[in-house]
Structure formats: C-alpha cells, structure tokens
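Here is a short report for a first look at this protein. Please keep the sequence and the 3D view side by side while reading.

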Amino acid sequence: MKEPRPRVDTAQALTRFHYLARAVALACGAWIAGTPRLEDKALLARLAWEQSLAADAFRERVFELRYPVRALEEWSDASFDTLIDSPDFLADLPLALAELQFRYEQFLADTDELDDGPTERIVRQAIADLERHAFATGVAPVAKAWTSGRVRFELPQFPPRDDRYARHSFYWPDTIVPGYPYGEGMALRVRAAVSHLNEVWAVDTAGAIMHALAPELGWEWIRDAGRWTYDEARHMLMGKRRLDAWGLPPDLTPLGGYIYEACAGEDPLYRLGMLGYFETKNIGRKKERAQAFHELGDTASEVDMQFDWADETLHAEYGRRWLKELLARRGEDPDGWPQVLERCEQLVAARLAEATDADREAIVATAERLLAHAEATADRAEV
Ligand SMILES: [Fe+2]
Ligand SMILES: [Fe+2]
C-alpha cells in the first residue's frame with residue numbers, strides 16, 4: 001500500500017495551488033481589455049471566475065488543515081512561487097491551464113478519500129472546470145491574443161474593439177443626441193439587447209480592476225471581482241444571443257465603450273466607481289423592462305433581464321463595500337465615496353462632451369439602419 005500523504009504536505013500543496021490559480025485568475029482579468037473578440041473576453045472572464053473559486057476553495061481547505069492558523073497570505077514559502085515567477089508560466093494560457101490540470105491530477109492520484117475526502121471534492125471540481133475548456137474552440141484565439149499582445153499587463157486606455165461590429169464609442173443615439181427616444185416594441189427590444197452587448201465596457205473594467213486593485217485589496221476582493229467580471233460577461237453575451245437570434249448582422253450593430261474610455265489615464269479607483277455606479281444606477285429600470293418584455297411576449301429578453309437584475313443587486317453591494325474599503329486602506333475617509341462618484345460623473349460627462357456632429361450623424365444612421373432591419377425581419381425571426 002502507498003504511503004498516505006501527510007496533512008502538512010497536503011496543506012502545502014494546496015497553498016501552491018491557491019497561488020497558481022490566483023495568478024491565472026488575475027492574468028485572465030488583466031488580459032480581457034486587450035482581447036477584442038467578445039467570445040474570447042467571455043472565456044477569459046469565465047476562467048477568471050472559475051480560477052478564483054478554485055483558489056478560494058484551496059485557501060479555505062488550507063485553513064481547515066492548519067487550524068487555527070488563518071494566515072495563508074503571510075506565509076512565505078518560496079516553493080509556491082517558483083512556477084509563478086517563471087516567465088513561461090503565463091506566456092501561453094492553454095499551456096498554463098494544462099499544467100494546472102496535470103498537477104491537480106497527480107495530486108488526486110495520491111489522495112486518500114477517507115483521510116481527505118473534502119480536498120478530493122475540491123480538486124475534482126477544479127479539474128472538471130479545466131476539462132470543459134480543454135476543447136473550447138475559443139481557446140486558440142485567446143492564446144494568440146496572449147502571446148501576440150505583448151502589452152501583457154499594460155491596460156489599454158482605448159481597448160481594441162471586435163471588428164465584426166460597427167465601431168461607435170457612443171453606442172446609441174440617446175447617449176449623445178438630446179431627445180432621441182429609447183424606443184418601444186421591437187425598438188425597445190433591440191435597444192435593450194444593444195445595451196447588454198455594450199456592457200463590454202463593464203467586462204473590460206471588471207477584469208482590469210480585478211488585477212489592478214488586487215495588491216491593495218487582497219484575496220476577498222479578487223474573489224468578488226472574479227464573479228463580477230464573469231457576470232458582466234454573461235450580460236454582454238445575453239445581448240449578443242438576442243441580436244443573433246433576430247438575425248441582426250454584427251456589422252450593423254454598434255459597439256463602443258465610452259464609459260471605459262472616460263477613465264483613460266485615471267486611477268483604478270475611478271474604474272471601480274464607474275463599475276459600481278453606472279452599471280447599477282438603472283437597476284430599478286430593469287424590473288420595468290422585464291415587465292415590458294413580458295407584455296411584448298418576449299420571454300427570452302424578460303428572463304435575461306430578471307437575472308441581470310439579480311446580479312446587479314449583488315454588484316451594488318460589491319461597489320459600496322470595495323469603494324469604501326479602498327479609501328480606508330489608502331488612509332482616506334471611507335465616507336468620501338460620494339466624491340468619487342461625482343468625479344466619475346464628471347469624467348463621463350467630459351467624454352460625452354467630446355462627441356462631434358459627425359459622431360451624432362454616424363450613430364443615428366447606424367441605429368436607424370439596425371432598427372429598420374429588425375422591423376423588416378421581426379416577423380420571421382425567432383424571438
Ligand atoms: Fe451588467
Ligand atoms: Fe453589474
């Protein structure tokens with residue numbers, strides 16, 4: 001019979017796993033804004049979330065095994081840094097994921113269920129998550145973005161946009177054309193789907209601050225930000241799925257990101273403010289919209305909006321908690337958050353003020369073309 005692995009060795013291995021999964025989660029977040037294709041962003045967002053969950057489970061298990069010590073972040077065990085510090089580890093995402101999976105499988109082979117069933121369950125889940133992506137078609141383009149995007153962790157201030165779509169920083173006329181209606185009926189449905197698609201700014205922002213604020217805010221932030229990033233990617237894809245179902249061509253569909261762009265060169269504090277504020281300030285509207293979709297018989301849009309609403313209630317809490325926490329950790333007044341949001345409003349207003357008449361004409365033309373297409377095909381499109 002094989003020698004069982006002692007408790008302390010298990011805790012050490014899980015500590016290494018925590019730091020590896022954490023490094024992958026943060027890298028995925030950091031790479032999102034520089035990766036243009038929406039599906040690749042969504043894959044990175046999902047990986048960031050899954051890796052943060054795995055890392056969290058490893059961490060909690062270490063605390064159980066080392067009870068009563070809860071000090072994983074303070075331990076300095078050089079052995080878990082070796083791979084993270086190697087320049088090759090994060091150079092190629094599929095390889096990094098394969099390396100993780102290999103290590104988990106090796107570990108599992110030496111795990112005794114009666115001694116350590118709780119760890120076995122955690123590691124099996126981590127492997128299952130990785131296996132799902134092993135054949136994901138999206139992985140290859142992501143790898144390209146990783147290796148060719150030598151920016152690595154440099155955040156693009158004006159992210160490259162998915163070039164299948166019509167590029168408009170201000171992605172619907174009502175953002176820059178006073179009095180332009182939000183729309184009713186099919187126009188309302190298209191507008192809401194375009195809004196969801198354009199949450200691409202929120203995906204970019206969440207991934208960027210997940211990485212940028214990690215050193216200041218620590219593990220619990222990374223865990224919340226992983227979920228936040230994944231949720232925003234789901235919202236973005238909700239819009240894509242609706243537009244695709246209606247057969248609306250991407251090249252007629254505006255895609256922008258003026259809220260992300262408004263933060264160019266600013267402290268990540270303001271990106272956190274933007275995400276916490278602009279994504280949740282219309283939270284009350286979401287229930288109204290879900291009801292409007294119900295009346296229009298558009299169940300898919302209705303259900304999407306209901307789940308979006310539930311996510312936003314969680315995000316509002318993240319925004320409140322982490323904005324205050326960040327101010328406090330910087331030695332500033334945690335109750336000073338309203339000033340941060342005020343500054344966010346100013347930054348967005350300044351970005352909107354940069355819109356030119358040519359921008360206004362272009363977005364009106366794109367929107368009208370898209371709506372005309374939607375009206376013309378609405379009868380035969382699958383809703
Ligand atoms: Fe969202
Ligand atoms: Fe949100």
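Which residues does alanine 45 touch, not counting residues up to four places away in sequence? Alanine 45 touches Ile32, Val203, Gly207, Thr229, Tyr230 and Ala233. Two residues are in contact if their C-beta atoms, placed from the backbone, lie within 7 Å.

This is a predicted model, in which local features need pLDDT of at least 70, side-chain atom pairs count only at pLDDT 80 or more, and totals for chains, interfaces and linings use all residues. Residues are numbered from 1 along each chain as its sequence is written, while chains are lettered from A and ligands numbered from 1 in the order in which they are written.

**Overall make-up**

The protein chain holds 17 helices and 2 strands. Helices (H or I, at least four residues) and strands (E, at least two) are DSSP runs, numbered from the N terminus. Of its 383 residues, 44% count as buried. Buried means 20 or more other C-beta atoms within 10 Å of the residue's own, with C-beta atoms placed from the backbone.

**The core**

The largest nonpolar core has 97 residues. Such a core is a set of buried Ala, Val, Leu, Ile, Met, Phe, Trp, Tyr and Cys residues joined through C-beta atoms within 7 Å. Ala45 and Ile209 are among the residues with the most contacts inside this core. Helix H1 (residues 7-32) gives the largest share of the core, 15 residues.

Isoleucine 209 sits in helix H9. It counts as buried because 29 C-beta neighbours lie inside 10 Å. Beyond its neighbours within four places in sequence, isoleucine 209 contacts Ala225, Pro268, Arg271, Leu272 and Leu275. Isoleucine 209 and leucine 275 are 66 residues apart in sequence, yet 9.6 Å apart in space, C-alpha to C-alpha.

**Helix H8 and its partners**

Helix H8 (residues 185-197) has 13 residues and reaches 19 Å from its first C-alpha to its last. Its buried residues include Arg189, Val190 and Leu197. The buried residues of H8 pack against the elements below.

| Element | Residues |
|---|---|
| Helix H9 | 200-212 |
| Helix H11 | 219-245 |
| Strand S2 | 254-255 |
| Helix H14 | 283-295 |
| Helix H15 | 299-329 |
| Helix H17 | 357-377 |

**A cis bond**

The peptide bond from tyrosine 67 to proline 68 is cis, with omega near 5°. Most peptide bonds are trans. Proline 68 lies in the loop between helix H2 (38-65) and helix H3 (82-85).

Definitions and conventions
Expected span 1.5 Å × (residues − 1). Buried ≥ 20, exposed ≤ 12 C-beta atoms within 10 Å, placed from the backbone.
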